[in-house]
Amino acid sequence: MILETERLILRPWREDDVADLYIYASDPDVGPPAGWPPHTSVENSLEIIRTVLSAPETYAVCLKESCKPIGSIGFHRNDLAEQDDEYELGYWIGKPFWGQGLIPEASREMLRYAFEDLGMNRIWCGYYDGNEKSRRVQEKLGFVYQRRTEGIEVSLLGEIRTGHSNLMTKERWQKVELFRQQKKLLDTFLQNGAISRAQYDKSLGDLRELMEMHGVE
Ligand SMILES: CC(C)(COP(=O)(O)OP(=O)(O)OC[C@H]1O[C@@H](n2cnc3c(N)ncnc32)[C@H](O)[C@@H]1OP(=O)(O)O)[C@@H](O)C(=O)NCCC(=O)NCCS
């Protein structure tokens, strides 16, 4: 499967991605917050491509402009997602690309794919205590906080951590998407001069009120 967003292509990992993978995954600020150790060599990255990143529904996040992988995103099942119609979303992106909204962009497409194409009903997403960047991604996507779990064994790092889990149901995703599209439409109308700033502010205010009524911020 190949998925596409405005700036990204999400496609299966390939063995010839190894050099790019090593550049980003050897950074000690990338793996450990997600629970895995930095890659130690190009050979180690190749092994990870063969044993971990080759799993189903795991995608290299590639910039359209360079066609090169800069991160990874995928679905898996674990203690958060136990049912056949549930998945857990996981992601990371190379540090030079942080802060450009690329993982939220990739995640939105993954959510669409899960709910519309894969027939999922619930997508979980978690982060370890203190991972504010990931917490923020999940908040921006509209996930709803579920619970805090202490004493999670992070076996690859030999650590015990506290985790937080968030959930997106299909029903909530439909609302979040609807509101996001309406906001996009208003932005386009404003840019084209089809509506005045005052009309935009009024419509946006109404939309925000409606969103709050539906529990979507
Ligand atoms: C978490 C992560 C995937 C976010 O991806 P991203 O594409 O940068 O996401 P965003 O651009 O939406 O940025 C998310 C938040 O990170 C923070 N951030 C952005 N750029 C940053 C930077 N250069 N340095 C530190 N924090 C930064 C901001 O708080 C931002 O939130 P904001 O939009 O409210 O400002 C990325 O930081 C990452 O790969 N981290 C290491 C691996 C990891 O933690 N994976 C998730 C495991 S649960």
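This report walks through the fold, the sheet, the core and the ligand site of one protein.

The model is predicted, so local features need pLDDT of at least 70 and side-chain atom pairs count only at pLDDT 80 or more, while totals for chains, interfaces and linings use all residues. Residues are numbered from 1 along each chain as its sequence is written.

## Overall build

The protein has seven helices and eight strands. Both are DSSP runs numbered from the N terminus: helices are H or I with at least four residues, and strands are E with at least two. The C-alpha trace spans about 60 × 40 × 30 Å along its principal axes. The radius of gyration is 19 Å; a compact globule of 217 residues would have one near 17 Å, which agrees. That radius is taken over C-alpha atoms, and the globule rule is 2.2 Å times the number of residues to the power 0.38.

Of the 217 residues, 26% count as buried. A residue is buried if 20 or more other C-beta atoms lie within 10 Å of its own, exposed if 12 or fewer, and partly exposed in between; the C-beta atoms are placed from the backbone. Contacts use C-beta atoms too: two residues are in contact if these atoms, placed from the backbone, lie within 7 Å. Among contacts between residues at least 6 apart in sequence, 58% join residues at least 24 apart.

Eight strands form an open sheet in the order 1-2-3-4-5-6-8-7, with mixed pairing. Two strands pair if DSSP finds at least two bridges between them. Which strands stand at the edges? They are strand 1 (3–4) and strand 7 (144–154). Each has a single partner strand, so one side of each is left without a neighbour in the sheet.

Two of the pairings are set out here.

Strand 7 and strand 8 form a hairpin with four residues between them. In the turn, G158 has a positive phi of about 65°. Of the 11 residues of strand 7, the number buried is zero, so strand 7 lies largely in the open.

I93 lies in strand 5. Is I93 buried or exposed? It counts as buried, with 22 C-beta neighbours inside 10 Å. Leaving out residues up to four places away in sequence, I93 touches V61, I70, G71, W98, L102 and I103. M168 is 75 residues from I93 along the chain, and their C-alpha atoms are separated by 21 Å.

The largest nonpolar core has 41 residues. Such a core is a set of buried Ala, Val, Leu, Ile, Met, Phe, Trp, Tyr and Cys residues joined through C-beta atoms within 7 Å. V61, A106, A114 and I123 touch the most other members. Helix 4 gives the most to this core, with seven residues. I123 is in contact with Y87, L89, L111, A114 and M168, leaving aside neighbours within four places in sequence.

Helix 1 (residues 18–25) has its own buried residues: V18, L21, Y22, Y24 and A25. Their cover includes helix 2, helix 3 (42–51) and strand 4.

## The ligand site

How many residues surround the ligand? There are 19, and the closest are P33, A34, G99, I103 and K133. Helix 5 gives the most, with four residues.

The shell divides into 12 nonpolar, five polar and two charged residues. Here Ala, Val, Leu, Ile, Met, Phe, Trp, Tyr, Cys and Pro count as nonpolar, Asp, Glu, Lys and Arg as charged, and the others, Gly among them, as polar.

## Two loop residues

E57 sits in the loop between helix 3 and strand 3 (58–63). Its phi is positive, about 60°, although E57 is not a glycine. E57 is partly exposed, with 17 other C-beta atoms within 10 Å.

C67 lies in the loop between strand 3 and strand 4. Its phi is near 65°, a positive value in a residue other than glycine. C67 counts as exposed, with 9 C-beta neighbours inside 10 Å.

Methods. Near = placed C-beta within 6 Å.
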